[in-house]
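Let's take a walk through this structure together. Have a look at it first, and then we'll go piece by piece.

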Amino acid sequence: MSRKIRVPSSQVAIGMCVVELDRPWLETPFLFQGFTISSSADIDAVRKYCQYVFIDPDRSQKTPQPNKPAPESKGGLFKLFQRSAAPEPSVPVEQERKQACELYPKQSALVRNFMDEIRLGRAIDVKILEQGVDDTVESILRNPNAMLWLAQMRQKTAALEQHAMNTCILAIAFGRYLGLPKEELKKLGLCALVHDFGMVKVPDAIVRKAGTLTEAEKQEMQKHTEYGRDLLMTVKDLYFGAVDVAHTHHEWFNGKGYPRGLDSSQLSPFTRIISVVDAYDDMMTEHSYAPARTAYEALKAIHEGRGSQFDEGLTRYFVEMIGVFPVGSLVELNTGEIAIVISTDRQQPMRPKLIRVRDYRRQSCREEIIELSALDSDKIKIVRILRNGDYGLDAVALHNRALNAELP
């Protein structure tokens, strides 16, 4: 039988396993009836809702020490605002694109299959999902630009699995930019991949409805966070943080989100990260009720939500990572040529690496890499980011052709 030690909330510390509260669990925001304190945010939440708790010393990494204040968390996830520099890519984007092109459709098909299994009420093997995330992490660690490029190829007919995959890619790339270690990137990627699985329980008539939702429909749509929590809690051996993210990714930093109106002190670092990338990808996607926004428009909306909807520090870093000309953007040059951004240079953000896909007459041409950073800035420069359909161009077709091109 487990031992329990009563500990004043003023003395809780990271590593302690909380097994009982001084009040009913349902009167608190804690998702699990039993959890290990892993951050200063957890400590703040315990102190806010409880005068004392009971811990299991046998399952705790730290036992209570009277009159000693709770330490600040260190390392990994909880140094998001004092981040270390992201590593430089170990391979060129041109080299990584082959592996990325093989991985992306394979992983997307896997997500689609898992969603079908959920609809049918069947059990899913989380180990297969984890392996797919591990492979995605390895690709992004080698060079994030290849997978970020693929995330721009948006198909209307594959909205749910595409959003899951894109959010996973963006979250891992962002975590890499923040300097998180590989094992944390794997957990973050898994959380992002399954964060919206609850959408499979929302009626298609609501998901695909053109126009404004009724209040009842809006409430049903918002239930996807609860559906996701309930579904993922039944998945054997799933990382527990994924359940939390599925339930909380629409909570706002100022406490005005849903479903529980949690505030910043109750949101995990993974939730904070995925809230940003989820919103960004959603705005970049065309819906039946709204056209897709450009990267600039989406980043502007993210920036405007800093400190209210989103974590202000993370918002700044995310805008910094995506940059002026995001990877995958279709751009027009001052020469009249059309190109796709395939990588960016942190030192020269206005001079990214491109692949040309149309000549100065906007006609088909041989694909060619253009390194703007190596050219005279007055000779060739980007004049604007294009939307899909500008000049009659099909962005997805151009991306596909560029990805399959034999480059020198």
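In this predicted model, the buried residues of helix α14 pack against quite a list of partners: the helices α2 (93-119) and α4 (144-150), plus the strands β5 (330-333), β6 (338-343), β7 (353-358) and β8 (364-371). Helix α14 itself covers residues 395-404, and its buried residues are A395, V396, L398, H399, A402 and L403. Look down the axis of α14 and these buried residues fall within an arc of 160°, so they line one face of the helix.

Now step to the start of α14. There, a side-chain oxygen of D394 comes within 3.1 Å of the backbone nitrogen of V396. In the loop between β9 (382-385) and α14 you'll find Y391, which has a positive phi of about 60° even though it is not a glycine. Y391 counts as partly exposed because its relative accessibility is 41%.

R362 sits in the loop between β7 and β8, and at 31% relative accessibility it counts as partly exposed.

Next, find helices α8 (residues 215-222) and α9 (residues 224-232), whose axes lie 4 Å apart at an angle of about 30°. That angle makes α8 roughly parallel to α9. In the contact, E220, M221 and Q222 of α8 meet H224, T225 and Y227 of α9.

One last stop: the peptide bond from Y258 to P259 is cis, with omega near 10°. P259 belongs to the loop between α10 (240-248) and α11 (269-283).

Key
Residues numbered from 1 in each chain as written. Predicted model: local features only at pLDDT ≥ 70, side-chain atom pairs only at ≥ 80, totals over all residues. Heavy atoms only, no water. Axes fitted to C-alpha atoms, helices over the stretch in contact; angles between N-to-C directions. Helix = DSSP H or I, 4+ residues; strand = E, 2+ residues; numbered from the N terminus. Parallel < 35°, antiparallel > 145°, perpendicular 65-115°, else oblique. Contact = heavy atoms within 4.5 Å. Buried < 20%, exposed > 50% of the residue type's maximum accessible area, 1.4 Å probe, protein only. Arc of directions from axis to C-beta. Polar contact = N/O pair within 3.5 Å; in protein donor to acceptor, adjacent residues only side chain to side chain.
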